[in-house]
Amino acid sequence: MDYVIYACERLRANGFRITPPRRQVLSLLEGEERALSPYDMRERLRQRRVKMDVVTVYRVLEVLERLDLVHRVYRTGGYVRCWRSDLGAHHHHLVCTDCGRVTEITGDRIDEVADREARENGYRVTGHILELFGLCGGCQAGSERQA
Ligand SMILES: [Zn+2]
Ligand SMILES: [Zn+2]
Ligand SMILES: [Zn+2]
């Protein structure tokens, strides 16, 4: 299933209408493996002859984030589409600091360790965010070629 169809179904199921800005942002994110800032998105939309101000982009992202259709990438301040339903809403991200590509991973074992550490320190933790950053396979190959 493609991302836009999946996302529209999810929006409807949660009582949200498919407004033109929502559809436009979804179709922009669909083919994008990298995290984009709302300003990048405005620019990309402009290239597609869609005029959308940053406030509108933020509003759309806020809804999409609530439904786990996008996730924030804290390292870069961008947003990336997320929809691998097999991973569930809670997962982790690998972030390439060179090209900005984001890969979703489950990392269930990381969660177990984190929960245990929290418990052992007397905390009842309600959530966490984990990003691993470095170079993706493509960028590693690129830097070897240059060396
Ligand atoms: Zn994600
Ligand atoms: Zn990369
Ligand atoms: Zn986790």
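Reader: How close do the axes of helix 3 and helix 4 come, and at what angle do they cross?
Author: In this predicted model, the axes of helix 3 (residues 38-47) and helix 4 (residues 54-66) come within 9 Å and cross at roughly 110°.

Reader: What is helix 3 called relative to helix 4, and why?
Author: Angles of 65 to 115 degrees count as roughly perpendicular. The crossing angle is roughly 110°. Helix 3 is therefore roughly perpendicular to helix 4.

Reader: What is the hand of the crossing where helix 3 passes helix 4?
Author: Right-handed.

Reader: Which residues in helix 3 and helix 4 meet?
Author: Helix 3 brings Pro38, Tyr39, Met41 and Arg42. Helix 4 brings Val54, Val57, Tyr58 and Leu61. By class, that contact has seven nonpolar residues, one charged and no polar.

Reader: What makes the charged one in that contact count as charged?
Author: Arg is in the charged class, and Arg42 is among the residues of helix 3 that meet helix 4.

Reader: At what angle do helix 2 and helix 4 cross?
Author: Roughly 80°, with axes that come within 10 Å. The range for roughly perpendicular is 65 to 115 degrees. Helix 2 and helix 4 are therefore roughly perpendicular to each other. Pro21, Arg22 and Val25 of helix 2 make the contact with Thr56, Val57 and Val60 of helix 4. By class, it has four nonpolar residues, one polar and one charged.

Reader: Where do the axes of helix 1 and helix 2 stand, by distance and angle?
Author: The axes of helix 1 (residues 3-13) and helix 2 (residues 20-30) come within 9 Å and cross at roughly 145°. The crossing is right-handed. Helix 1 makes the contact with Tyr3, Val4, Ala7 and Leu11. Helix 2 makes it with Arg22, Leu26, Ser27 and Glu30. The classes here are five nonpolar, one polar and two charged residues.

Reader: How many strands form the open sheet, and in what order?
Author: Three, in the order 4-3-5, with mixed pairing. The edge strands are strand 4 (102-105) and strand 5 (131-134).

Reader: What makes strand 4 and strand 5 edge strands?
Author: Each pairs on one side only. The twist averages 20° from one strand to the next.

Reader: How do you know that strand 3 and strand 4 pair, and in what sense?
Author: Pairing requires at least two bridges. Strand 3 (residues 92-96) and strand 4 have four, in the antiparallel sense. They therefore pass the cut-off. Val95 stands opposite Val102 in strand 4.

Reader: How many bridges join strand 1 and strand 2?
Author: Four, so these two also count as a pair against the cut-off of at least two. Strand 1 (residues 70-73) and strand 2 (residues 78-81) pair in the antiparallel sense. His71 stands opposite Val80 in strand 2.

Reader: What do strand 1 and strand 2 form, and which residue in the turn has a positive phi?
Author: They form a hairpin with four residues between the strands. Gly77 in the turn has a positive phi of about 75°.

Reader: Which residue has a positive phi although it is not a glycine?
Author: Arg49, with a phi of about 60°. Most residues other than glycine have a negative phi. Arg49 lies in the loop between helix 3 and helix 4. Asp68 also has a positive phi, near 60°. Asp68 sits in the loop between helix 4 and strand 1.

Reader: Why does Asp68 get the label it has?
Author: Asp68 has 16 C-beta neighbours inside 10 Å. A buried residue needs 20 or more, an exposed one 12 or fewer. Asp68 falls in between, so Asp68 counts as partly exposed.

Reader: How much of the chain do buried residues make up?
Author: Buried residues are 21% of the 147 residues.

Reader: What does the secondary structure of the chain come to?
Author: Six helices and five strands. From the N terminus, the elements run α-α-α-α-β-β-β-β-α-β-α. The C-alpha trace spans about 50 × 50 × 30 Å along its principal axes.

Note on methods: Residues numbered from 1 in each chain as written. Chains lettered and ligands numbered in written order. Predicted model: local features only at pLDDT ≥ 70, side-chain atom pairs only at ≥ 80, totals over all residues. Axes fitted to C-alpha atoms, helices over the stretch in contact; angles between N-to-C directions. Parallel < 35°, antiparallel > 145°, perpendicular 65-115°, else oblique. Left-handed = near helix turned anticlockwise from the far one by under 90°. Contact = placed C-beta atoms within 7 Å.
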